Amino acid sequence: MTGKTIHALGEAYRRGDTTPTAVTEAYLARIEQLDGQVGAYLTVTREPALRAAAAAEARHRARAPLGPLDGVPIALKDVLCTKGVRTTCGSKILERFVPPYDATVVARLAAAGAVVLGKTNMDEFAMGSSTEHSAFKPTRNPWDLARVPGGSSGGSAVAVAADLAAGALGSDTGGSIRQPAAFCGTVGLKPTYGRVSRYGLVAFASSLDQIGPLAQDVRDAALLLQAIAGHDPRDATSVAAPVPDYAAALDGTVRGLRAGIPREYFAEGVDPEIARAVRAAIETLRGLGVTTEEISLPTTGYALAAYYLIAPAEASSNLARYDGVKYGLRVPGAKDLIEMSSRTRAAGFGAEVKRRVMLGTYALSAGYHEAYYGRAQKVRTLVRRDFERAFARVDLILAPTTPNVAFKHGEKEDPLAMYLNDALTIPVNLAGLPGLSVRCGFTAAGLPIGLQLIGKPFDEATLLRVADVYERATPWRARKPALS
Amino acid sequence: MISRQDVEHVARLARLELSDAELERMREQLNAILGYIDKLRELDIANVEPTSHAVPLVNVMREDEVVPCLPQDQMLANAPDRVGELFRVPRIIED
C-alpha cells in the first residue's frame, strides 16, 4: 500500500480501493520496520497522523475530499514549525523547542487534508550537504547504506525514496532540496524566491531560503507545489504573482521550447558518468522536440565563493536569536548574560554551524564588510546577469544537478570539499530562480543521477512540463532501492 | 591571513565560547575557506551594483490594523527560565 504516487493514491481513494487510514497505518508500520536502517525521521507523529487520516477518510466517504492531497501521508523537514510538535532543526539548541504556531506551508497542507507522518532529519540549521551534520543521527542513502543521502533535506529525500512517505517538503538555500533529490533519485523542486511563504521556516539565509517539494514523480511535485505556493501577508518577501494550475501545465507540449546548455556546468570536476547521463537526457529531450543551444554563464565558477560569504553572513545574524533567553537550550551557572549566551551557543551548536557563524561574523565585522560581504553581493549581481542574458535567448536551462553522485559517510571531512558539492545548485539560489532535479539515470554502481532544469522567475510550470515529458519518455522512474 | 587574535575577537562578537583546540582548528579552517573565497578578487566589480535580494521588492506596506497575536503564556512556554510573565536572565546590573 506504500509506494503509490500521490496522484495514484488520490485515484485509489476515489475508487474506494483503499482508505487514508489503511495507507497511513501502512506507512507508520513501514517506518517502524525500516527507518532504523535509514534514519529519515527525527519525530514520528503517529496519533495526530491517524486522527488526520480518519478525518480525511470521512471526507472521502462523503465523496467530498478537499483535493488531491486529502488523506495523503507526507513528511516535513524539521526546519518547518509545527504547532505542538517539537521542531529541532537538527540542533541540540532546539532539542526541546515546541512551536506555538504552524508554518504557513504546514497550515496549507493541513487545509488540503494532507496527513503529516513526522519530521525529517537534516543537517543542523540546514547547513550541510550530507545530513551528517545533524546533532542527532546520520541519515543513510537507501540505494547504498554506506553513502550519504545528500543534504540538508536528506531525511525528506530518503522518506520519499524509501517509501516512508508519499511526498515531503524540504528547504533549499544552496541546493538543499535538489542535491539530496539527485542523490536519492527523487524529484526535488526549489521554487522561485518569493513563490512560497517562508513564515515558520526556521531562518538560515533569508535572501536565499525557499521551501519546496520532494516527490516520487513530477506530477506529485506539481500537486505539492500547488498546495503551498502563493502570497502570504505574514511573509513580506512572498510575491503576489498569480499561481498557475501546475497539474494542468503537464500537457506534454514541449515542441519548440528552447533549452540552453551551459558549458560551465560540464567543466572539470563533473563526474564523467554524470556528464554522460545528462548529455543523453538532453538528446532525449531533443528527440521530443526541444531545441538546444550551448550557452555560457561565465560567473558560475565564482558563485560558490560569493555564496560562502552571503549565506554565513545572513546566518550569523539570524542565529543571533539563540541566546538562551526566549526558547531553546540554556547552559546554567553563568555569572552574566554574555557568558550565559556564549556558553549556551558553544554547547548547543555543532561544528559546522559554529564555523559558518564565525565566517559570517568575520565577513560582516568592521574593516572587512566591504572587502568580503560587499564584494560578494556585487558578484551576486554578475551571477544574476548571466542568467538574465541566457533567458533572453532560451526558455530553460539543462545541466547536471551535482558534480558527483552520493559519496560515502565520512568521505568529505574537509569543509571546503563538502562545499564544492553545491557548485552547480548555488547559482540558482543567488539569482532567486526555480530549479528542479529529476532522475536521469544511474551510475554503473547503481547510484541515481540528477538532471537539473533551471527556469525563468516564476516559471515553475515550464520546468514541471519538461521534466514530466522527460520522465514519462524514459525508464528511470521504475527502479526502486532494495530495502528490507 | 586571519590570526589567532582575530579568531578570538570574532568568537567574542559571535558569542561563542570556544576551547583552545576549537580556536586553533577554526583559524586553520577559516583561512582555508577565505583562501578559496579570495578568487572573487579576479572579477572586475567596478560599477556593479550589489544584489541584496533576488526579487526586486520595494517597501511592502500594509494597513496598520490590530490583529490577534499569540497569547503571552504560549510565547513564554519555551522559556528556559521565567518569573511570572517575564523571561529571567542572569543579573546584568550590579547592586
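## Two helices crossing in chain A

This is a predicted model. Start with helix 9 of chain A, which passes helix 12 of chain A in a left-handed crossing. Their axes come within 9 Å and cross at roughly 130°. An angle over 145 degrees would count as roughly antiparallel, so helix 9 of chain A and helix 12 of chain A are oblique to each other instead.

Who's touching whom? From helix 9 of chain A come A:Y302, A:A303, A:A306, A:L309, A:I310 and A:A313, and they meet residues of helix 12 of chain A including A:Y372, A:Y373, A:A376 and A:Q377. By class, this contact has 11 nonpolar, 1 polar and 1 charged residues.

## Where chain A touches chain B

Now for the meeting of the chains: 56 residues of chain A are in contact with 42 residues of chain B. On the chain A side, the elements giving two or more residues are helices 9, 10, 11, 12 and 13. Helix 12 of chain A gives the most, with 10 residues. Sorted by class, the chain A side has 30 nonpolar, 13 polar and 13 charged residues.

## A helix pair across the chains

Which way do helix 11 of chain A and helix 1 of chain B lie to each other? Their axes come within 9 Å and cross at roughly 100°, so the two helices are roughly perpendicular.

Helix 11 of chain A brings A:M358, A:T361 and A:Y362 to this contact, while helix 1 of chain B brings B:V10, B:A11 and B:L13. These residues divide into 5 nonpolar, 1 polar and no charged.

Note on methods:
Residues are numbered from 1 along each chain as its sequence is written. Chains are lettered from A and ligands numbered from 1 in the order in which they are written. This is a predicted model: local features need pLDDT of at least 70, side-chain atom pairs count only at pLDDT 80 or more; totals for chains, interfaces and linings use all residues. Two residues are in contact if their C-beta atoms, placed from the backbone, lie within 7 Å. Helices (H or I, at least four residues) and strands (E, at least two) are DSSP runs, numbered from the N terminus. Ala, Val, Leu, Ile, Met, Phe, Trp, Tyr, Cys and Pro count as nonpolar, Asp, Glu, Lys and Arg as charged, and the others, Gly among them, as polar. Axes are lines fitted to C-alpha atoms, for helices over the stretch in contact, and angles run from 0 to 180 degrees between N-to-C directions. Angles under 35 degrees count as roughly parallel, over 145 as roughly antiparallel, 65 to 115 as roughly perpendicular and the rest as oblique. A crossing is left-handed if the near helix is turned anticlockwise from the far one by less than a right angle, and right-handed if clockwise.
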